[in-house]
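I would like each answer to set a value against the rule behind the word.

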Amino acid sequence: MEQKKRKVNVIDVIAVVIIVLAVAFVAYKLLGRGGGTGGDNAGMVTVTYQVKCEGVPAELYESCQAHLPSPLMASGALVGGQIESVKKEAYYVLDSTGVWVEDPEHVTLIFTATTETAAGEVMTTKVGDQEVRIGKTDYILKSEYIEFSNGVITSVEWSESD
């Protein structure tokens with residue numbers, strides 16, 4: 001009888017050890033994702049990028065300028081960084097003869113935005129859930145007062161934070 005009792009105790013101990021290891025592993029994974037700079041900016045990189053939005057109604061240019069700089073948002077929350085500036089360029093369309101002509105009712109807006117991201121071996125810059133990469137064609141530029149979809153990211157520059 002004593003041997004049977006001992007087997008149950010050994011099995012119980014092994015089960016407890018496995019549960020403790022599983023909990024420790026999950027905690028490590030969850031805490032590791034928030035990761036690593038300890039609250040200082042030593043591991044941060046400032047990212048400046050431009051987003052081009054074509055075929056925008058011309059009157060939106062002045063409206064955008066009135067609200068700049070404007071903090072970046074995603075999913076209804078501020079995500080760090082801001083839209084710094086906007087510039088306007090002509091928007092061209094094909095006329096009925098196949099010639100490119102300037103559309104007086106629409107413009108191309110080029111927004112400059114900045115954000116900070118953690119430095120790493122592989123730079124993955126995200127604003128909310130969206131990655132910031134040159135050539136991305138479905139970028140949604142959003143702030144408290146400004147929102148444009150289907151923007152194209154035309155440039156990205158990384159520089160170390162001070």
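Q: Why is Asp138 called partly exposed?
A: Asp138 has a relative accessible area of 44%, and the term covers values between the two limits, since buried means under 20% and exposed over 50% (1.4 Å probe, protein chains only), so Asp138 counts as partly exposed. This is a predicted model in which local features need pLDDT of at least 70 and side-chain atom pairs count only at pLDDT 80 or more, while totals for chains, interfaces and linings use all residues. Residues are numbered from 1 along each chain as its sequence is written, and side-chain values use heavy atoms, with hydrogens and water left out.

Q: What makes the contact of Lys136 and Asp138 a salt bridge?
A: The rule asks for a side-chain nitrogen of Lys or Arg within 4 Å of a carboxyl oxygen of Asp or Glu, and the side chains of Lys136 and Asp138 meet at 3.2 Å, N to O. Lys136, with a relative accessible area of 25%, is partly exposed.

Q: How many salt bridges does the structure hold, and which residues form them?
A: The structure holds three salt bridges. Besides Lys136 with Asp138, there is Arg133 with Glu131 at 2.4 Å, N to O, and Glu54 with Lys52 at 3.8 Å, N to O.

Q: Why is Glu54 called exposed, while Lys52 is called partly exposed?
A: The relative accessible area of Glu54 is 52%, so Glu54 is exposed, whereas Lys52 has 27% relative accessibility and therefore counts as partly exposed.

Q: What makes Tyr49 and Tyr139 an aromatic pair, and why is the pair called edge-to-face?
A: Rings of Phe, Tyr and Trp (its six-membered ring) pair if their centres lie within 6.5 Å, and planes under 30 degrees apart count as stacked, over 60 as edge-to-face and the rest as tilted. Tyr49 and Tyr139 are 5.8 Å apart centre to centre with 85 degrees between the planes, and the pair is edge-to-face.

Q: Why is the pair of Phe111 and Phe148 called tilted?
A: The ring centres of Phe111 and Phe148 are 5.3 Å apart and the planes stand at 40 degrees, so the pair is tilted. Because Phe111 lies in strand S4 (residues 100–118) and Phe148 in strand S8, the pair ties together parts that are 37 residues apart in sequence.

Q: How do you know that strands S7 and S8 pair?
A: Two strands pair if DSSP finds at least two bridges between them, and three bridges join S7 to strand S8 (residues 147–160), the two running antiparallel. Lys142 stands opposite Glu147 in S8, and a hairpin joins S7 to S8 through four residues.

Q: What makes S2 and S7 edge strands?
A: The open sheet of six strands has the order S2-S3-S4-S1-S8-S7, with antiparallel pairing. Strand S2 (70–74) and S7 are its edge strands, as each pairs on one side only.
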